[in-house]
Amino acid sequence: MIEVRNLVKRYGRRCAVDHLSFTVEDGQIFGFLGPNGAGKSTTMNIMTGYLAPTDGEVLVDGHSILEEPEEAKRRIGYLPEQPPLYPDMTVREYLSFAAELKGIAKKDRKEQLAKAITLTHLEDAEHRLIRNLSKGYRQRVGLAQAILGFPKVIILDEPTVGLDPRQVVEIRDVIRQLAEDHTVIISSHILSEIRAICDQVLIIRKGKLVACDTPDRLEEILSADNAIELVAKGGQEAVEAVLQSVPGITQQTVTAQAGGTTRITLRTETDSREMLFLSFAAAGLPLLELRTKNASLEEVFLDLTAEDDNLAAKAARLLTGQAVATDDSTDEGGERA
């Protein structure tokens, strides 16, 4: 388990990490999200002991990264965004060197190397020079280095950056395997990847925590209020005429499609699905689709990390269950497009 308590990192006047606190439980795949410059990599570097915080502390399985660095680091495997590889070594030479640096006993090294190579599917490349490997294979070598010693916590910073779709799937499968016996913290800008494999998601903005929950829960809470999507069989003008007869519509987008159908996305003051169904039926325009519109993890991320401070604050208040202010300064630009 990792505990981050009131973490602060300043560079001169700039605060890269601003009183950040969270806990990662054993056995979780924990997604760490934020826009560029939000403080993700800085936080990860502090968690792994590469950087010292300005204030606060990090505990790894109860050991302080500052007061007991060797004990804490022994429990962490780390793959930074740029894997620390030596291109003139073969894969096996590099992993042997990494095992020695990690203090893995000689009697255990052969078995450890074999397990790491097998888990990352490097059997065909172990005697090749790293400089001659593709981007995907280099990423696997970095991952194999991170899992040597099989520490309790494995931290991966953008592990699939630059990989093709097949390689992404392979790395994702490796992460799932690791999660059977380890706690995995993964930072990525590929939100579909986070959605697919993470049990818990933490989102930071300007160095501050703005959300921490399961992907399902975040999407549920931030789903657009009374947003409805419909597809009707009929032309755009006929559809718009029906919508004019339905009270309480506050926003609508109507788009004609091929095949004589029209797609509608709208918001209403209350749940108007039944009224919409009856109105379109009365007009002789069959509804081919009628469903509520849920926010995706991507929409959640965009809302919570918006450049507009008012919009981001509004989304954050929804997550904490606070009432959203209705003054002009809060509402301006605060509605989902």
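How much accessible surface does the protein chain have, and what share of it belongs to carbon and sulfur atoms?

Mentor: Happy to. Please keep in mind that this is a predicted model, in which local features need pLDDT of at least 70 and side-chain atom pairs count only at pLDDT 80 or more, while totals for chains, interfaces and linings use all residues. Residues are numbered from 1 along each chain as its sequence is written, and side-chain values use heavy atoms, with hydrogens and water left out.

The accessible surface of the protein chain is about 16,800 Å², and carbon and sulfur atoms hold 48% of that area. These areas come from the Shrake-Rupley method with a 1.4 Å probe, and for residues only the protein chains shown count as cover. The C-alpha trace spans about 80 × 45 × 30 Å along its principal axes. There are 13 helices and 14 strands in the protein chain; both are DSSP runs numbered from the N terminus, with helices (H or I) of at least four residues and strands (E) of at least two. Of the 337 residues, 46% are buried, where buried means under 20% relative accessible area, exposed over 50% and partly exposed in between (1.4 Å probe, protein chains only). Among the contacts (heavy atoms within 4.5 Å) with a separation of 6 or more, 67% join residues 24 or more positions apart.

Now to the charges. The protein chain carries 39 positive and 52 negative side chains, and the centres of the two sets are 6 Å apart. Lys and Arg count as positive, Asp and Glu as negative, with His and the chain ends not counted; each charge is placed at NZ of Lys, CZ of Arg, CG of Asp or CD of Glu. Side chains of opposite charge can pair when their charged atoms come close. The structure has 17 salt bridges, each a side-chain nitrogen of Lys or Arg within 4 Å of a carboxyl oxygen of Asp or Glu.

One of these pairs is Arg-195 with Asp-216, whose closest N and O atoms are 2.4 Å apart. Arg-195 belongs to helix H7 (residues 191-197) and Asp-216 to helix H8 (residues 215-221), so the pair ties together parts 21 residues apart in sequence. Arg-195 counts as partly exposed because its relative accessibility is 30%.

Arg-263 and Glu-289 make another salt bridge, with 3.8 Å between the closest N and O atoms. This pair links distant parts of the chain, since Arg-263 is in strand S13 (residues 261-268) and Glu-289 in strand S14 (residues 287-292), 26 residues apart. Both partners are partly exposed: Arg-263 has 27% relative accessibility, and Glu-289 has 32%.

Asp-271 pairs with Arg-273, and here the closest N and O atoms are 2.7 Å apart. Asp-271 is partly exposed at 45% relative accessibility, as is Arg-273 at 34%. Elsewhere, Asp-61, Glu-71, Arg-74, Arg-75 and Lys-152 are joined in a network of salt bridges.

Arg-205 lies in strand S9 (residues 200-205) and is buried because its relative accessibility is 12%. Leaving out residues up to four places away in sequence, Arg-205 touches several residues, among them Ala-38, Val-210, Glu-307, Asp-308 and Asp-309.

Ile-175 counts as buried because its relative accessible area is 0%. Beyond residues up to four places away in sequence, Ile-175 touches Ile-29, Leu-156, Pro-159, Val-184, Ile-186 and Ile-197.

Back on the surface, Phe-277, Leu-278 and Leu-290 form a nonpolar patch with about 280 Å² of accessible area together. Patches take residues with over 30% relative accessible area and no salt bridge, joining like charges within 9 Å and nonpolar side chains (Val, Leu, Ile, Met, Phe, Trp, Tyr) within 5 Å. Phe-277 sits in helix H10 (residues 273-282) and is partly exposed, with 47% relative accessibility.

Finally, Gly-49 lies in the loop between helix H1 (40-47) and strand S4 (55-60) and is partly exposed at 26% relative accessibility. Gly-49 is 21 residues from Glu-70 in sequence and 9.5 Å from Glu-70 in space, C-alpha to C-alpha. Not counting residues up to four places away in sequence, Gly-49 touches Ile-65 and Lys-73.
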